[in-house]
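Here's a quick tour for someone opening this model for the first time. Take a look at the sequence and the structure, then read on.

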Amino acid sequence: MADQPIVLGIETSCDETGIGIVRGHTLLADTIASSMEEHARFGGVVPEVASRAHLDAMIPTVESALAKAGLRVTDIDAIAVTAGPGLAGALLVGVAAAKAYALGLGVPLYGVNHLAAHVAVDQLEHGPLPKPCLAMLVSGGHSSLLLVPDVAKEVISLGSTVDDAAGEAFDKVARVLGLPFPGGPHIDRAARDGSGTAIAFPRGKADDGTLDFSFSGLKTAVARYVEKNGGSLSLPDVAASFQEAVVDVLTRKALAACAKHDVHDLLIGGGVAANSRLRALAQERCDAAGVRLRVPRPGLCTDNGAMVAALGANLLEAGVAPSQLTIPADSSLPITTIHV
Amino acid sequence: MLFVLVLAFDTATPAVTAALHDGTRVLAESTTVDARRHGELLAPAIESVLTEAGASLREVTAVVAGAGPGPYTGLRVGLMTARALGSTLGIPAYGVCTLDALAYATGSSEPFVVVTDARRKELFWARYGDARTRLDGPRVARPHDVPGGLPIVGIRLYEEIIGAVTGPEHPSAGALAGLAAEQLAGLTPEQAAAAAGLPEGRIDSEEAAQGRAVLGPPAPIYLRRPDAQIPGAPKKVTA
Ligand SMILES: Nc1ncnc2c1ncn2[C@@H]1O[C@H](COP(=O)(O)OP(=O)(O)OP(=O)(O)O)[C@@H](O)[C@H]1O
């Protein structure tokens, strides 16, 4: 095991500066500096604030990851970095750092896809990914269903949201309910004291036969309900019923995708995978359908550097050629491009 | 004499420029003007000056980045690169005000003003007594508010308002490296280490930028705070 390569992963696609270190598929360190506190009062991530924070946090975060792993920077065998998708200016800070580390250490550089990294991270916890597996990524920026024959080589998009991402819907509904940003965890908590069947909110695109999602109608329906029922509404019931509508559609479509492609392993990743009701309902429906469910622990579901390092390790293992020092940061990198 | 090899680069203007300097002269220099590709061009430019000079990164004794002011996205590429190289190579990383490098390149012994593009219809400017002496700035201002009555060096913009601009249009890493090497030669090793080791804060106001020494830590000179609006109440969805 000791001869497996040590990969340092750098993630700066949004507000978190994430540094992860792996040896093969063993996690050695996962360190995060977040600028979320600076963004919260703006009700969303401010790109320039995030980019400034990445520059300031990068070196200290790398150093603390190295210390946690008990390594010196010269022990690193390869650098992996999120090349996209994400906020352009934020990505660029990570990509510049990655190139400098690769150049300074004389080691290969891998520019990787953020979404594929969300899939790859699960190996650090649950071992090698079944080939193929089905992945559902649900975060503040993405809601996608992916067929993954091999995370180092091929990722196929089966469907995605046509409007808001699932996490975005949580955040927008939280705002309507007067809960702080980011709203997902607050709705999750409030919903524990409410009933998911109290209010029948719409399930957009649930039965349209596609593997796409739509959450903007649901968000509007909740806002309308709140305006109409103002003072007399039960916050826990609204939160629980909204949450139920989201996770009902997500799990239904994920299992429909498994059935359609005859896949028996479902992986859920992204920040919304931290949602307790999504985990419970997905488990219930997977059990009923004979599908094995894999969900990384919450800390690995949200953006982090370990996921980037994990995908880098897959690419090294598969003998993929390293990236050039000329690679750009690509804010709209398509999911089908696993590395650049 | 101490072995000196300064690697310098600047990404605070449309030019992506890198150079290697041995304390006496510029060994190699590369400059490409492309305002949108700093992130793609810088690392290859560093490789190419090393190759041209027949030097290896491990021989470099100090790394210097233009600290701005300049458009933020490009500016951060140079500073992030300097910090990461300094940290992996175990050598000091410095920041030098980009306008100081432009001023130094003029070799002038007379007073003048340096301007670079600040976008949003503004200019970054600083006023110098001679090529080495910054008297005021860096500041950010509308073209009308750039001081008149002195020769102006730098970007050819708003000449109908500020008058004719002469001299180098963009900074060169050769001049940046030369200025840094000159500064380093005047410092004891302890002083040099202290200059790089200052806290790496950001400079986001003109006041903070005024007293800045020529050679400092690789901290960005932004001059402006991020603009962001604190949102009001959610808008109504029903009529
Ligand atoms: N318990 C939860 N229930 C529902 N949503 C949650 C929960 N915890 C976090 N979220 C949501 O997850 C989102 C954050 O996800 P993540 O950390 O993956 O960041 P992101 O920037 O949105 O990711 P990406 O760049 O991958 O799109 C937010 O929208 C947040 O509200």
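Is Asp303(A) buried or exposed? With 27 C-beta neighbours inside 10 Å, Asp303(A) counts as buried (20 or more other C-beta atoms within 10 Å of its own, all placed from the backbone).

A note before going further: this is a predicted model, where local features need pLDDT of at least 70, side-chain atom pairs count only at pLDDT 80 or more, and totals for chains, interfaces and linings use all residues. Residues are numbered from 1 along each chain as its sequence is written, while chains are lettered from A and ligands numbered from 1 in the order in which they are written.

| Residue | C-beta atoms within 10 Å | Contacts beyond four places in sequence |
|---|---|---|
| His118(A) | 32 other C-beta atoms, buried | Leu137(A), Gly269(A), Gly270(A), Met307(A) |
| Asp303(A) | 27 C-beta neighbours, buried | Glu11(A), Ser13(A), Cys14(A), Glu16(A), Gly18(A) |

Now for the ligand. Domain 1 (6–121 + 304–317) and domain 2 (130–295) of chain A, with bounds from an automatic or database assignment, both give residues to its shell, so the ligand lies between them.

Key:
Buried ≥ 20, exposed ≤ 12 C-beta atoms within 10 Å, placed from the backbone. Contact = placed C-beta atoms within 7 Å.
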